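Let's take a walk through a structure that may be new to you. Have a look at the sequence and the model first, and then we'll pick out a few spots.

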Amino acid sequence: MSDWTEKDLLHWDQKIAQVAENLGLDWHPIDYEIIDYQEMLGAMAYVGLPTHYRHWSYGKEYERTHTLYNLGQTGLPYEMIINSNPSIAYLMRENALHTHILTMAHCIGHSDFFKNNRMFADTNPNNIIGSFKAAAKYVRELIEDPSIGIDKVEKILDAAHSIKYQVPRFPGIKYKTREEKLQIEKELIDELPSYTPNLEKVPLHPEYNVLKFISEHSKHLKEWERNLILIVEESSKYFIPQALTKIMNEGWACTIHYRIMNELNLPDNLYLPFIKLHNQVIRPHLGQINPYHLGYKLFKKLIDERGFEEAMMIRETQNDITFLRCYLDQEFMQDMNYFSYSFKKKAKGTTIDDITDDEGWEAVRDELIKNVGLNRIPTVFVDEIGKNNTLSLVHEHDGRDLDLAYARKAFDYVKILWGDEVRLATIVENEIWEF
Amino acid sequence: MSIFRKHKSIVDRAASDRMRHKKKIEKAIKESIRDVIAEESIIGQNGKKKIRIPVRGLKEYRFVYGNNENNKNVGSAGDHKIKRGQKIGPKRSDGARDQGTGKGSNEKGDHYYDVEVTLEELAEYLFGDLELPDLEKKQFRFISQESIKRKGYRFKGIRPRLSKKETLKRRIRRRKMAEKIGSHDPADNERFPFHQNDLKYHHLKPKIKENSSAVIFFLMDVSGSMSQERKYLARSFFFLLYQFLNHKYDKVEVVFISHSTDAARVTEDDFFKVGTHGGTIISSCLDLELNIIEKEFHPNSWNIYTFYCGDGENWTSDNEMCIELFKKIKKVNQLTGYCEINEHYSGMVDDTTEAIAPDGSPWPSFSAWKNEEMDNLWSKLDPICDNKFKKAMVGDTNHIWKAFKSLFGGKNNE
């Protein structure tokens, strides 16, 4: 039995908004969908989007979360919010009132972050729902088209998903077609006579948007196949800013909900369970990085040291990488008791490499940054199209070797999309390795 | 002010993707089934045992970093005291805490599904579209059960079958009528007795459930030449067969016969567990089968199936006899299957040009391939092969399922 009515939600929503306004926050209006836990599982599977194209992997995600949830290994998230205008957030019907109040306060933090952080400047919150909806409709029509059907659609989607993160890692980098690139080169040559690029080379410079490049240059793709690849690229673009700011975004939202909750003058019967829940959310996860924990603690430190105004500025201008690079210090790292570890072939086990003492803390910090968001994903770029239309890909090796079994499969997927020969160069155990 | 919407979705939006995912799992199970069916651990298990099948092909492959020294992870140690070089448990993120937003988490998330299925479910996957061929409705049907069912009511009947309810209903109806036309007044407390016409009796109807009856003969060679591996393959084959029959048909008699130089009817347990010894005279078991058929299972009322499994290394002098007996058996059987176990077979039995092993040597001790030795049983059976007599060759566990399908492919295979 729930301990709340819609009236309660409206009541608290108003109060929360008041406090948030006083804090100087600036957020999109929020639409809350009150859903049950199964709908929540559904929403989670489709990363919160109310409209998303079909793919079996989302069914898998649903089953996985469902199983974990049933086994009690995971709770469902208290919050789930879409970067749209108005923001769409979900409240789970089964939750108690204090959870809803916390969630609503938390969502304002997220929405404020979406609206202000510059990583999100290029996202299009007004149209995002519509464009996902259009994509979903397009995919559905392909699936229903008797001359295409689900198998062919899946073949392309499976393949495109394998390189869905092989797109530019920072927002604001617009993909340029061959013609646009040539135009730029020509202008450069006019300005700088000493500049003599090889204009025959495709691409002229390394191209990091592998999806778009394939969609533009593959000689075998059908129109709808190109469009599918672009749909995948488009949805990646939506997630990139979120991946770049997971720690900050969660940290900010936790900071905001904590501040708001403390100013609401909650009665004990709401305040005590809230504190318990808050501490659960921001607790450290043994052997892992809990972004809620890290983000919250770091913002707290910054607010304590520099004041809320500066924190507001940080939430606007930084992303996870710069956030950690600029503001982590040894004392904080020690406080978090972080350590780096890796699997040792010789020892056939995992051992600790560095801890946050005087010699080690910078190494741990650097490894931490390497493990943040998109840094966890290897970068592969298009080097050139060679003889016989062979597509040459290069893995940008940063000391970490690829998982070869996975790389092999992903490579095969790229071949499906490209249609002609593909080559991939990487480094494995200090030697050049080619597929 | 925010808007609160009570979400009312009738459709489960993930349903179609889940269905698709499930289909993929099933397909993956079917694909890995070849590896699974011959697993030592499932042979000889009953249907309730759960088997874990690793399902492949459901991973979403991407470029990810490998699990090696250069790829370090970072984690929090909480309140624990730690030092360099300390060994820790496998703590690669378990994905459970990834809040499901998939925000660039590159965890391979080894979705190596271990799907747990029971043998029964496995059978369902395996045998979905297979069936015993030519199951005929035999002249004398096997009466599995004569159940008696109540069916309707009659005005006549014996006392014990009186339906009190119906009788009472009729009396009420009659009384209401009487009140309506005024012949009975409920106010004056007059008795309103039952009338003969009120009485109704249950009607009973015997129901005979007819069932086409089938008997399956399992014949297995347990001679000394049946090595551990061969015996294992044969056992696997029969085990699969047994599961198949159990799964598909409720009423199937199974007769187990094992033979070396002589044959014996054995129990199911002994059949699957017995050791090997002695020489090989295949005709012994065929003879025994014919005896049993004559005594117990008349072909007019039974669908008879026979499956033989052995290494084919029969005594040459016995081959003629075998062919004759096989012919006899074939005549009374719906289907006779001859399955030869030979580890030298590598799946090329149809390609007769390849009578030489890849290394240039002739296939050793492989009756079917010794072209110079034409009196091997395998090739001698050729003339009697048709859709009522099928043979299959099994070289390793991979072939079992193939052999199985060639025997029971049913409509799909014809």
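Is the crossing of H4(A) and H10(A) left-handed or right-handed? It's right-handed. Keep in mind that this is a predicted model.

## Two helices in chain A

Helix H4 of chain A covers residues 97–116, and helix H10 of chain A covers residues 246–263. Their axes come within 7 Å and cross at roughly 130°. Because of that angle, H4(A) counts as oblique to H10(A).

On the H4(A) side they include Leu102(A), Ala105(A), Ile108(A) and Phe113(A). Among those on the H10(A) side are Trp252(A), Ala253(A), Ile256(A) and Ile260(A).

## A covered strand in chain B

Now hop over to chain B and find strand S11, residues 303–310. This strand is mostly covered, with 8 of its 8 residues buried.

In a regular strand, side chains alternate between the two faces of the sheet. Here, Asn303(B), Tyr305(B), Phe307(B) and Cys309(B) point one way from S11(B). Ile304(B), Thr306(B), Tyr308(B) and Gly310(B) point the other way.

## The strand's neighbours

What does S11(B) pair with? One partner is strand S8 of chain B (residues 214–221), in the parallel sense over 7 bridges. In this pairing, Ala214(B) stands opposite Asn303(B).

Another partner is strand S12 of chain B (residues 335–341), also parallel, over 6 bridges. There, Gly310(B) has Glu340(B) as its bridge partner. To get from S11(B) to S12(B), the chain passes through helix H7 of chain B (residues 319–332), making a right-handed β-α-β crossover.

Methods: Residues numbered from 1 in each chain as written. Chains lettered and ligands numbered in written order. Predicted model: local features only at pLDDT ≥ 70, side-chain atom pairs only at ≥ 80, totals over all residues. Buried ≥ 20, exposed ≤ 12 C-beta atoms within 10 Å, placed from the backbone. Helix = DSSP H or I, 4+ residues; strand = E, 2+ residues; numbered from the N terminus. Pairing = 2+ DSSP bridges. Right-handed = clockwise from strand over helix to strand, strands pointing away. Axes fitted to C-alpha atoms, helices over the stretch in contact; angles between N-to-C directions. Parallel < 35°, antiparallel > 145°, perpendicular 65-115°, else oblique. Left-handed = near helix turned anticlockwise from the far one by under 90°. Contact = placed C-beta atoms within 7 Å.
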